[in-house]
Amino acid sequence: MRPHELPLPSLDLATLKLPRKPRVRRIFIEPYVDHSGGDELRVWIIFDDATTDRDFMSPGVREVTRAITDALLEMGERRFAYTRYVRSREFRRRRAG
Amino acid sequence: MKLARQSERLLDQALHLAKRDRFRPEQVNLRRAVSGAYYALFHALVEVSCVRLAGPGPRTRAMRRLLARTYTHAEMQRASRAFAQGANGLPPDLRLALAGSEVSSELRELAQLFHRLQDDRHEADYDLAVQWRRGDVLVQITAVGACLEYLRRERSARDLRTYLTSILVWNRLASR
């Protein structure tokens, strides 16, 4: 099965060991073709709307990234997880636009 | 380890651009910030790798300069992708070179970041349809800062030494 034919992985927020702050509201995963043409994953890490710019620079974001990428590797996922970090309202706006 | 001032300045500039507009960030500033963060990491890796391979000090400066021009973005990205998956992502010969040591979580994060940021830089520079968010850019800049600190602090780890060699000769290593 080719990478783009594989089902998308799903992650359960409740089972991931994520820090309390900044608070992750949702993880959204979609297919993504990177600049070299590879079939990979775009992982949207969607934070609470109250997340500040300072929160985005906190060590907690690193913990979130590590927990998500480790979980995907443990699931046997070999597609690369290209992460994006947004607030809920930014993500909604993007989906609407 | 002393890192090139160039990398520090590129990262400072990226942060300045990302924070420059108080309310609604200009996309052009965020794009340049992403690009600057990528090049801060790129140049830091090349410099540390060259020092490892050619040696430090003024007597090897010319060789380091020459060597620095031979790194390619694509090869560095391929090596980074493999290291991002840990020891299991590496070819068997290279696993032997690690002599049983694991790829540390810090090195995996660095490799993931380089791989990811190269794609981000490509989008930032070439795809004007992509709208960047300040928070997202700040995450990348902060992560690059942590990686520069790791490169500065870490001196002798076998996994890092192996990675810093691999980013120059990955194509030949991986095809053995």
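What percentage of the 176 residues in chain B do buried residues make up? The share is 41%. This figure, like every other in this report, is computed from a predicted model.

**Chain B**

Chain B contains 8 helices and 0 strands. Its order along the sequence is accordingly written α-α-α-α-α-α-α-α. The radius of gyration of chain B is 17 Å, whereas the globule rule gives 16 Å for 176 residues, so chain B is as compact as a globular protein of that length. Taken along the principal axes, a box of roughly 50 × 40 × 25 Å holds the C-alpha atoms of chain B. Of the contacts in chain B with a separation of 6 or more, 78% are accounted for by residues 24 or more positions apart.

**Chain A**

For 97 residues, a compact globule would have a radius of gyration near 13 Å; the value for chain A is 14 Å, which agrees. The C-alpha trace of chain A spans about 40 × 35 × 20 Å along its principal axes. Within chain A, 27% of the 97 residues are buried. When contacts in chain A between residues at least 6 apart in sequence are considered, 64% of them join residues at least 24 apart.

The table sets out some values for each chain.

| Chain B | 8 helices, 0 strands | 17 Å | 41% of 176 residues |

**The contact between the chains**

How many residues does the contact take from chain A and from chain B? Chain A supplies 19 residues and chain B supplies 18 residues. On the side of chain A that touches chain B, the elements giving two or more residues are helix H1 (53–56), helix H2 (59–74) and strand E3 (81–87) of chain A. The most is given by E3(A), with 6 residues. Sorted by class, the side of chain A that touches chain B has 8 nonpolar, 4 polar and 7 charged residues.

**Summary**

Definitions and conventions:
Residues numbered from 1 in each chain as written. Chains lettered and ligands numbered in written order. Predicted model: local features only at pLDDT ≥ 70, side-chain atom pairs only at ≥ 80, totals over all residues. Contact = placed C-beta atoms within 7 Å. Helix = DSSP H or I, 4+ residues; strand = E, 2+ residues; numbered from the N terminus. Nonpolar A, V, L, I, M, F, W, Y, C, P; charged D, E, K, R; others polar. Rg over C-alpha atoms; globule rule 2.2 N^0.38 Å. Buried ≥ 20, exposed ≤ 12 C-beta atoms within 10 Å, placed from the backbone.
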